[in-house]
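Subject: Structure handover

Hello,

Here is the structure I said I would pass on. Please open it and keep it beside you while you read the notes below.

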Amino acid sequence: MVDIKSKTPDELAVWLKEQGEPAFRAKQIFKWLYRGVTSFEEMTDLSKSLRQKLFETAFLTPPTAVRKQVSQLDGTIKYLWELADGNCVESVLMRYQHGNTVCISCQVGCRMGCAFCASTIAGKVRDLTPAEMIDQVLFTQIDSETPISNIVLMGIGEPLDNFDTVLRFLTLVNHPDGLKIGMRHISLSTCGLVEQIDKLAQYGLQLTLSVSLHAPDDETRSRIMPVNRSVGVEQLMETCRRYFETTGRRVSYEYAMIDGVNDADWQADLLAKRLKGAPAHVNLIPLNEVEESPLKPSRRVAAFQKRLESHGVTVTVRRKLGGDIDASCGQLRRKAIKESQ
Ligand code: SAH
């Protein structure tokens with residue numbers, strides 16, 4: 001059985017040819033898939049016999065929205081999707097001035113172990129498929145009746161730990177017969193897997209690479225992000241500089257502000273020093289409190305921002321959306337798991 005929605009149109013054409021069908025059917029089928037059909041029966045301009053053949057040889061994995069929370073404050077919508085095997089992941093639709101953005105997941109759970117993150121508490125269950133990533137964008141768009149122009153890979157999971165799938169997802173979501181979302185409208189967030197960052201650079205994609213830095217010194221970063229214990233901040237920053245040199249794309253750094261952990265002036269000074277040598281952008285994130293974690297939000301966000309700016313660093317503070325619907329990723333899935341136990 002074939003996961004037909006994870007195939008590119010070219011692969012679909014080859015596969016159809018092997019089934020004795022003309023290659024042009026690939027385009028027809030691809031278009032149907034991106035209209036959000038959930039069965040082959042709905043592909044009404046295909047012959048009955050081809051629809052039957054698809055039914056016998058291929059499958060679709062449309063997710064079901066098992067929970068949907070709409071923020072009364074700003075219209076942010078959070079979806080908990082149940083996948084074909086019963087696992088759940090989250091997506092969040094956010095309405096920004098620059099366009100409607102969906103934040104999607106790439107794995108069920110996560111194995112990176114960051115101390116402040118709800119997604120990693122029970123580890124990784126499995127990788128998502130390209131189709132399961134596409135469907136989060138597509139069905140968010142269909143259900144919310146909101147045209148989506150931007151995508152951030154900042155939901156549950158580590159994108160570079162599911163590298164081939166994410167790359168395939170990018171090809172699919174970018175395709176003119178599909179969702180047609182341009183690379184410059186996509187951000188990929190990583191905890192900093194250096195080998196995979198180097199590998200990604202080779203593709204020269206015009207997406208924005210966001211690196212979750214969260215601390216400029218090894219002692220702090222290793223404490224809150226286990227990934228730092230094998231590769232330190234210095235090597236990560238070198239890799240990011242290389243990424244910029246290869247792709248010409250400015251790297252963005254995420255920095256979740258944690259009370260008494262990473263919000264001291266000396267850390268702002270060190271961060272500014274580390275960023276020298278390549279254009280960069282720092283996004284300070286007010287920490288979302290996670291029930292299972294003792295870490296608290298910093299009260300020094302504005303002071304930290306000012307200190308960075310005094311060194312000439314470009315800084316923004318992430319606006320909090322969906323404050324009334326616990327919209328930070330991983331929290332809704334945690335809640336659903338706990339309630340089912
Ligand atoms: N694995 C990827 C993407 C997923 S998380 C990564 O590490 O970048 C998306 C962003 O949200 C990351 O910067 C992550 O560190 C941050 N994040 C996770 N939990 C958070 C919390 N409780 N409060 C604020 N930001 C958080």
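Helices and strands here are DSSP runs, numbered from the N terminus: a helix is H or I over at least four residues, and a strand is E over at least two. This is a predicted model, so local features need pLDDT of at least 70 and side-chain atom pairs count only at pLDDT 80 or more, while totals for chains, interfaces and linings use all residues. Residues are numbered from 1 along each chain as its sequence is written, and side-chain values use heavy atoms, with hydrogens and water left out.

Loops with a positive phi

Lys 180 sits in the loop between helix 5 (163-174) and strand 10. Its phi is near 60°, a positive value in a residue other than glycine. Most residues other than glycine have a negative phi. Lys 180 is exposed, with a relative accessible area of 60%. For that word and its opposite, the cut-offs are these: buried means under 20% relative accessible area, exposed means over 50%, and partly exposed is in between (1.4 Å probe, protein chains only).

Glu 145 also has a positive phi, of about 55°, although it is not a glycine. This residue is in the loop between helix 4 (130-144) and strand 9 (150-153). At a relative accessible area of 73%, Glu 145 is exposed.

The ligand

Which residues come nearest to the ligand? They are Phe 116, Ser 189, Ser 212, His 214 and Asn 288, out of the 18 residues around it. A residue counts as near if one of its heavy atoms lies within 4 Å of the molecule. By class, this shell has nine nonpolar, seven polar and two charged residues. In that count Ala, Val, Leu, Ile, Met, Phe, Trp, Tyr, Cys and Pro are nonpolar, Asp, Glu, Lys and Arg are charged, and the others, Gly among them, are polar.

Some of the atom pairs can be listed. A polar side-chain atom of Ser 189 is 2.6 Å from an oxygen atom of the ligand. An N or O atom in the side chain of His 214 is likewise 2.6 Å from an oxygen atom of the ligand. For Asn 288, a backbone N or O atom lies 2.9 Å from a ligand nitrogen atom. The protein buries 91% of the 530 Å² that the ligand exposes when taken alone. Such areas come from the Shrake-Rupley method with a 1.4 Å probe; for residues, only the protein chains shown count as cover. Strand 10 (186-190) and strand 12 (251-257) are the elements that give two or more residues to the shell.

Two helices

Helix 8 covers residues 233-247, and at 1.5 Å a residue its 15 residues should span 21 Å; the end C-alpha atoms are 21 Å apart, which agrees. The expected span is 1.5 Å times one less than the number of residues. Buried in helix 8 are Val 233, Leu 236, Met 237, Thr 239, Cys 240, Tyr 243 and Thr 247. Seen down the axis, these buried residues fall within an arc of 155°, so they line one face of helix 8. The arc is that of the directions from the helix axis to the C-beta atoms.

In helix 3 (residues 48-57), the buried residues include Leu 50, Arg 51 and Leu 54. They cover an arc of only 100° around the axis, which puts them on the same side of helix 3. On the face turned away from that buried side are the exposed residues Lys 48, Ser 49, Phe 55 and Glu 56. An α-helix has 3.6 residues a turn, so residues three or four places apart point the same way.

Is Thr 76 buried or exposed? Thr 76 is buried, at a relative accessible area of 1%. Its place is in the loop between strand 3 (64-70) and strand 4 (77-82). The Thr 76 side chain makes a polar contact of 2.5 Å with the side chain of Asp 74. A polar contact is a pair of N or O atoms within 3.5 Å; within protein, one must be able to donate a hydrogen and the other to accept it, and residues adjacent in sequence count only if both atoms are side-chain atoms.

Glu 90 belongs to strand 5 (residues 88-96) and is buried, with a relative accessible area of 0%. A polar atom of the Glu 90 side chain lies 2.5 Å from the backbone nitrogen of Arg 333.

Regards
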